[in-house]
Amino acid sequence: GRLVRTLEGHTSSVYSVAFAPDGRLLASSAHDQTIRLWDAASGQLVRTLEGHTNWVNSVAFSPDGRLLASGSYDKTVRLWDAASGRLVRTLKGHTNWVNNVAFSPDGRLLASGSWDKTVRLWDAASGRLVRTLEGHTNWVNSVAFSPDGRLLASGSADTTVRLWDAASGRLVRTLEGHTDQVNSVAFSPDGRLLASGSWDKTVRLWDAASGRLVRTLEGHTNSVNSVAFSPDGRLLASGSHDGTIRLWGIAP
């Protein structure tokens, strides 16, 4: 738990952070409309990526580390060359704020979730819109691909989690049980479990194959904003508006 260093430079709230796959770069996005790339070892600012015209809510590296995707309140998704910082392309189509972006495990697809209630799937190489996933009745806060890339999960302010077939865009199932908006979704490393964190103060664990609720994790005293599994899948971390991070043991 020792603080290694503090990276300063953003002039407003930092909303998203992501490590490159090789761990050398750290990307951060903020409400100052910029993305910053940092040397993870030294903490030095490598470069600042400018171009978004509103808050930047989400950043994600492609699996090969070559591209960085960003989603913004300016309704666009941008793809950047991680090595040079050059803007590769701007993906337009969402009609409201973009909340979250995620690459598929093979790096071919990029998913984005938006306040326009849709999830959009883009071809990462060309920037072409592959399909729009419609069905949520309120904004989409979080998107995540399963480790095998077959499923895409989306968590929404409509209180549901939806599982989509990533290849066809077909809705596989809707997971209902949360009583307030879903802020974050994450698959376990083996793809068997899906975790969701909600404004209802709970974390729910679902069987990804059947959609069955496995358990509800209670203890937070305010909304759960983020969930993440450890690489070995034995721990689940949840971050909350109550100011705490909770670590939950996940039975093998």
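Predicted model: local features only at pLDDT ≥ 70, side-chain atom pairs only at ≥ 80, totals over all residues.
I started with the surroundings of S29: leaving aside neighbours within four places in sequence, S29 is in contact with H10, S13, V14, Y15, S16, T34, I35, V56, N57, S58 and V59. Contact here means heavy atoms within 4.5 Å. S29 is found in strand β2; strands (E, at least two residues) are DSSP runs numbered from the N terminus.

Residues are numbered from 1 along each chain as its sequence is written, and side-chain values use heavy atoms, with hydrogens and water left out.

Next I turned to the core. The largest nonpolar core has 13 residues, and A27, I35, L37, L49, V59, F61 and L68 have the most contacts inside it. Such a core is a set of buried Ala, Val, Leu, Ile, Met, Phe, Trp, Tyr and Cys residues joined through side-chain atoms within 4.5 Å. Two or more residues come from each of β2 (25-30), β3 (35-39) and β5 (56-61), and β5 gives the largest share, 3 residues. I checked L49 too: beyond four places in sequence, L49 is in contact with Q33, T34, I35, L37, L68, W80 and G85.

Then I followed β5, where 6 of its 6 residues are buried. β5 pairs with strand β6 (residues 67-72) in the antiparallel sense over 5 bridges; two strands pair if DSSP finds at least two bridges between them. V59 stands opposite S70 in β6. The two strands form a hairpin with 5 residues between them, and G65 in the turn has a positive phi of about 80°.

My next stop was an open sheet of 4 strands, in the order β13-β14-β15-β16 with antiparallel pairing. Its edge strands, β13 (140-145) and β16 (171-175), each pair on one side only. Strand β15 (residues 161-165) is joined to β16 by 4 bridges, and V161 has L175 as its bridge partner in β16.

Last, I looked at the aromatics. The structure holds 4 aromatic pairs, and W55, Y73, W97, W115 and W139 form one aromatic cluster. Rings of Phe, Tyr and Trp (its six-membered ring) pair if their centres lie within 6.5 Å; planes under 30 degrees apart count as stacked, over 60 as edge-to-face and the rest as tilted.

Notes:
Buried < 20%, exposed > 50% of the residue type's maximum accessible area, 1.4 Å probe, protein only.
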